[in-house]
Amino acid sequence: MDLAGLIAFNVLTGIATLVLITLGLGVIYGMMRIINLAHGEFMMLGAYTAVTASGAGVNIWVAMLILPPLVVGAIGLVLERTVIRFLYGRMMDTMLATWGVSLGLIGLVTTLYGNVVRGVSTPVGSIDIGRYGASLYSLVIMATALGALAAMFGLLRFTKFGLILRATMQNPRMAAALGVQPNRIYMATFALGAALAGLAGGVLAPISGVSPAMGAAYIARAFITVLGGGPAIVTGTGLASGLFGTINELVSFKTTPVIGDVALLVAAILLIRVLPQGITGRYLRRSL
Amino acid sequence: MTIPLSSAPWRSAAGFLATLALGLVILFGAPRTLDTFGLVQWTGFAALAMFGLSQGFIWGFAGVMSFGQAAFLGLGGYAYAVSVINIGDSTVPVLLAIAVPMLFAAILGYFMFYGRISDAYIGVITLTVSVILFQLVNATSGSQYRIGTAELGGFNGIPAIPALNAPGFPDEPLDNEGIWYAAMGALVLVYVLLRAVLASRFGRVVVAIRENETRAQLIGYDPRLYKLLAFMIAAGVAGLAGCLYANWGGFISPTVFGLSMSAQVIIYVLVGGLGTLVGPMLGAVLIQALIIAAGSQSLLDSNLGLGLVLDGFVLLVPQGLVPVIRTLGLRLLQRRAPRPGPADGAAGLATERAR
Amino acid sequence: MSAALPPTGLGGAPLRPLIEARGVTMRFGGVTAVAGVDFTLGEVELRCLIGPNGAGKSTFFKILTGQLKPTEGRIALRDTDITGAEPHAIARLGVGIKTQVPNVFNGLSVRENVFVAAGRRKSLARTRAIVDETLTRLSLTGIADRMVGQLAHGQRQWVEIATVLAQEPELILLDEPAAGMTHEEVHRTAALIREINRTHALIVVEHDMPFIRMIAKTVTVFNQGRILVEDSVDAVLADRRVRDVYLGKQAG
């Protein structure tokens, strides 16, 4: 019974982690239909922001939850204005450009900070589930994931900006005819996606080694989850995270985390054979 | 990415003969002019140029956005290493280095192409597959992970891989010069074979599908099958490149599966020119020379340079060097006002491909 | 409305149908684009499809060629059930289509376009013979080595027709073949269609009434996804309902 509780707790943590690392990618994919290959590096920048800020004496919660999205969102904005915006309408070029950004950021951070692994200590302790101990920090991850998902839903559902976003997502030309500038929307979307990636990096910094190449450890799972989820940002990310998080955690528990990732990939490839546009490409099309 | 309209390769027999001649000159000239160090370095170039050919074929001609060609490079390299350690004679291992990636590509390609997923998804899935193979092989440290007598070695890789030998003489491995002839000879051969494939009816259909998949279908061709076969061919070429790569240093590690390997080969093609076969080979040599030059001074990380080159070419020279040089050359030859260029057709193509 | 005229061949004798659609329905979400269409075409028959925009003609073509899978209904080509078959499989059974928006290989030359279409499962010599014959027949020899992407719209239409002919189909579907053509080109197209019809069955979607009069014997009128009327060209063009449908479209 205790073991079942622990496994359930771990599955929930796994799902929450997937939501966190996927949401920013899902926002950009849902809106712009491009996969941001620099997503992992945006997370890495968020983690470095957390490490640097907490090292400079900033309150750990501020350093983890507030600063990373702001800093990385701003970096995303700058990159969108200087690189990405020239390539809209050329899907492949846009993806290649984000790959270039990815390499550039790895190189830049390696040059500035060196190729060493840093860390932040976890700000909370552990709890007991029966005979087993579990990290209380998992609750922080779950709360952040839930908060981010709810915030995205609220933003899309209840704000004017969200309405414009949804309109542009449905039909960019029509939105443009109504006076919305798609380029502005794409700019805001890219910055928002970057900020969410930054948040994920900040929150995950205490439980992962922070290094220039850390993004690679997360992107495979994030990509798979976005593909599986399809274009609807909140529903797609939520459903796919639920499905893949469960598979990943259960297989990882039985074997190793690497095999867990392999299982994730196999599940995703089988899924897209049946649903080529992801879960929300086929079902729940009108969801957010 | 706009693929140049004049890329139909069977039209430029002159270019083919010039490239072939240059390849043969390098093949026989290099051992006479370079020292051992230089020759070994050029062997590495030849292996990576073949890797570039693989990417150039699948992306530039079949229009399949494979972002994870490193998966096949790695599979080929590991297939060779593991089997040559077990078998001794290198003949079967070389064949396995080609066959294993092709088989893997057949399975992966079946799910991708017969699932009719979008171009962006194909890019992401191939990339993800290579990342996960990297993680998988990286996690095989310890003596329990062995195939036959070959220990996989996890992140340390497999050292002391036996070199190629003439079929039937496993006790007489090739020396550096012999491996050079094998690598560069294989590169020339693969180049000729790919040109032949592209000139064949199969190749024309592959290019036609890149141009307009719907029309190809309505004529009676099954695009899924042709893409799958092209994907397998490219995987076999990448696998052979992996075999040569393993021979080059006598060593292989999981980094062959890595993201930066996939990124590098994309950059080879982009720099050299999408829709050409010469371009990716040229790009491989240029970029590798650049990385070596950057490695000798440790001020900047090479990833930064690669990122800048990638974005610079995407933004400023999206067609790559070879087509640009070719166009300039033709203009010089003609010495007249250039004909109305392919610009508007190309723009149409670009928007079509962007969807 | 499915009481079609008995299909007649060259000798006027009734033939078994070449293509037979029964109860074909296509729904997109809540919209029904094609609703329970019964359609029969005989061997070597020429049929014109007319009807206002959005009547379901192009959707019906896409169903016949396998680009869309019908929600309901069955389609048979001679004795083969082709309902929901892949487009390439239907093409191999001998169905060729010129689509409404030109579908050509922009990055290949005119000759290469025709070559790829002609060359499926044929010897090289035979393929070359078909290519030369088709290029001559459609007067494309002069621009055979030009890139199709650089040609004018009308010329690309001809290239597309050439690719369809080169694949040697038994049934040819033409979706608005005269659109965007000059007066003289329209006449050439009509003559070509009559010539093709000596040996092949055709279904032609067109809005241009004078053009219809030039080629048609039997006309099927689509309206709101259904077959409104099917009769000889003179009877159809005199039909009050047909005029209402078109006038309604013009007024609305």
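Two strands pair if DSSP finds at least two bridges between them. Keep that in mind for this tour of a predicted model.

**Stop 1: a sheet in chain C**

Select strand β6 (residues 95-98) of chain C together with β7(C), residues 171-175. The two pair in the parallel sense, over four bridges. Now pick I97(C). Opposite it, in β7(C), stands L173(C).

Strands of a sheet pair through backbone hydrogen bonds, either parallel or antiparallel.

**Stop 2: along β7(C)**

Is β7(C) enclosed or open? Four of its five residues are buried, so the strand is largely enclosed by the rest of the structure.

Click I172(C): its bridge partner in β8(C) is L202(C). Next, trace the chain from β7(C) to β8(C). The path goes through helix α6 (residues 183-196) of chain C, and this β-α-β crossover is right-handed.

**Stop 3: the whole sheet**

Show the other strands too. Six strands make up this open sheet of chain C, in the order β6-β7-β8-β3-β9-β10. Its pairing is mixed. Which strands stand at the edges? They are β6 and β10 (226-232) of chain C. Each has a single partner strand, so one side of each is left without a neighbour in the sheet. From one strand to the next, the twist averages 15°.

**Stop 4: the β9-β10 end**

Select strand β9 (residues 218-223) of chain C and β10(C). They pair in the antiparallel sense, with six bridges. Look for V219(C), which stands opposite D231(C) in β10(C).

Then bring in helix α5 (residues 153-166) of chain C. This helix packs on the sheet, where it touches β6 and β7 of chain C. The direction of α5(C) makes about 180° with that of β6(C).

**Stop 5: a tyrosine in chain B**

Move to chain B and select Y226(B). This residue is found in helix α9 (residues 223-249) of chain B. Is Y226(B) buried or exposed? A residue is buried if 20 or more other C-beta atoms lie within 10 Å of its own. Y226(B) has 22 C-beta neighbours inside 10 Å, so it counts as buried.

Which residues does Y226(B) contact, leaving aside neighbours within four places in sequence? Select V205(B), V206(B), I209(B) and Y221(B). Finish with I209(B): it is 17 residues from Y226(B) in sequence, and the two are 8.3 Å apart in space, C-alpha to C-alpha.

How values were computed:
Residues numbered from 1 in each chain as written. Chains lettered and ligands numbered in written order. Predicted model: local features only at pLDDT ≥ 70, side-chain atom pairs only at ≥ 80, totals over all residues. Buried ≥ 20, exposed ≤ 12 C-beta atoms within 10 Å, placed from the backbone. Right-handed = clockwise from strand over helix to strand, strands pointing away. Axes fitted to C-alpha atoms, helices over the stretch in contact; angles between N-to-C directions. Contact = placed C-beta atoms within 7 Å.
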